[in-house]
Amino acid sequence: MSDYKLILPSMGEGVMEATVTNWIKNIGDAIAEDESVVEIATDKVDSDVPSPVSGVLKEILVPVDGIAKVGEPIAILSVDGVVEQTEEAEEVDTNSDQEIADTAKTIEAEVATIKSETIITSSDDKFYSPLVKSIAKEEGVSQTELDQILGSGKDGRVTKDDILNFVKNRGTQSVNTTVTAPVTQPQAPQIQAAPISVGEGDEIIEMDRMRKIIAQNMLQAKQIAPHVTSFVEVDMTNIVLWRDKNKNEFQKKHGEKITFMPIFIEAVAKAIQDFPMINVSVDGDKIIKKKNINIGMAAALPSGNLIVPVIKNADQFNLAGLASQVNDLANRARTNKLKPVEIQGGTYTITNIGSFGNTLGTPIIPQPQVAILAVGAIVKKPAVIETPQGDMIAIRHKMYLSHAYDHRVVDGALGGMFVKRVAEYLEAFDMNTLV
């Protein structure tokens, strides 16, 4: 028998650690290959960690409620024979005490060097060119001093002449009062929640971990992005009639139920190709245009919480492929079987508020995306339709699209044209589409 270190695997971009919530296996239990050993929770999703080998759980290295780091061992298994570990684990094993000590000394030296230098950084309201930063470093101008210089450039930027003039006159009374004097900025009032009184018979319910995360994410999303919402009514009659006619045959042929969500996703993916500036993120004063079209679909959990699994490269699937992706992710979301990577990387999101009987909504944009589409309930309405014989009133299946977008980078024209294009794709759905 030999020891095998069970490593916490990578769980997607930006996820560096997880909390152990439950050990499924106890010390001494036999574990089959690919069998789940421990339940973990990140700030994005709950998940299980399976064992890549079969063996017996020998030692638990991270207790319940303990924090596990990606790439580090969380348990030790006894296995038959010798099992090759990953390179990441081998590097941990082979680092000698001397190597660790040398590394620590190197880091300390680098930190000391950094502390001894003047580091100038730009902020949202103070931008400094590389030349200005270089002069500040050479002349020993601190960040605080630089922030107090009144710039003469565009939008108040500090120019080369500004900082050279500051250096030349630094220390004089006139400069201290006219250039380096701190400028008092008005402070935004701190917003505090009103005190809540608890009356007799009131029930106090502690938020679970996921609800706390959702609350924080929603608050940040509203603080970061100025929301604007556009609404369009779409005629869904062709889609409703096609689905009613073909849903049984579709399930028989593909082994999948055909809901409306794959059709929504298909239309949105096409519209994103027409208006790619909807498929972006904002990083400071930069716009990052995304290459891939990764569409998230908000799904309600039995607990009442919300999760958003992501269909990667949604534009590359046909309708049957999208149906398979939607059903698989939705089913595993409801049974808490999603992997962390499956709820990451979304570039645009759809939420189906119609499933709750709602017709209109103003959804919150999930960061770092810049737009989200809410699809309402499909209802029968009398509507005016154009025919070769003239206008007529007929019963049609109608639905509202609510498109919320980040007004920092998406103006009303783009946001409005995009949702209108989605509606056009839905209304142009071909009744002869093959299942």
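Visitor: Which residue caps the N-terminal end of α7?

Guide: In this predicted model, D208 is the cap of that end. One of its side-chain oxygens lies 2.7 Å from the backbone nitrogen of R211.

Visitor: How many residues has helix α7, and what distance does the helix reach from its first C-alpha to its last?

Guide: Helix α7 runs over residues 209-224 and has 16 residues. The helix reaches 23 Å, close to the 22 Å expected at 1.5 Å a residue.

Visitor: Which residues of α7 are buried, and where do they fall when seen down the axis?

Guide: The general idea comes before the case. An α-helix has 3.6 residues a turn, so residues three or four places apart point the same way. In α7 the buried residues are M210, I213, I214 and A221. They fall within an arc of 100° seen down the axis, so they line one face of the helix.

Visitor: What covers the buried residues of α7?

Guide: The cover includes β9 (227-235) and β14 (306-307).

Visitor: Let us turn to R243. Where is its place, and is R243 buried or exposed?

Guide: R243 belongs to helix α8, residues 237-254, and is buried.

Visitor: What is the nearest side chain of opposite charge to R243?

Guide: That side chain is D244, 4.3 Å away. A salt bridge requires a distance within 4 Å, so R243 has none.

Visitor: Which backbone oxygen lies 2.8 Å from a polar atom of the R243 side chain?

Guide: It is the backbone oxygen of I258. Leaving aside neighbours within four places in sequence, R243 is in contact with I258, T259 and F260.

Note on methods
Residues numbered from 1 in each chain as written. Predicted model: local features only at pLDDT ≥ 70, side-chain atom pairs only at ≥ 80, totals over all residues. Heavy atoms only, no water. Helix = DSSP H or I, 4+ residues; strand = E, 2+ residues; numbered from the N terminus. Buried < 20%, exposed > 50% of the residue type's maximum accessible area, 1.4 Å probe, protein only. Lys, Arg positive; Asp, Glu negative; His and termini not counted. Polar contact = N/O pair within 3.5 Å; in protein donor to acceptor, adjacent residues only side chain to side chain. Contact = heavy atoms within 4.5 Å. Expected span 1.5 Å × (residues − 1). Arc of directions from axis to C-beta.
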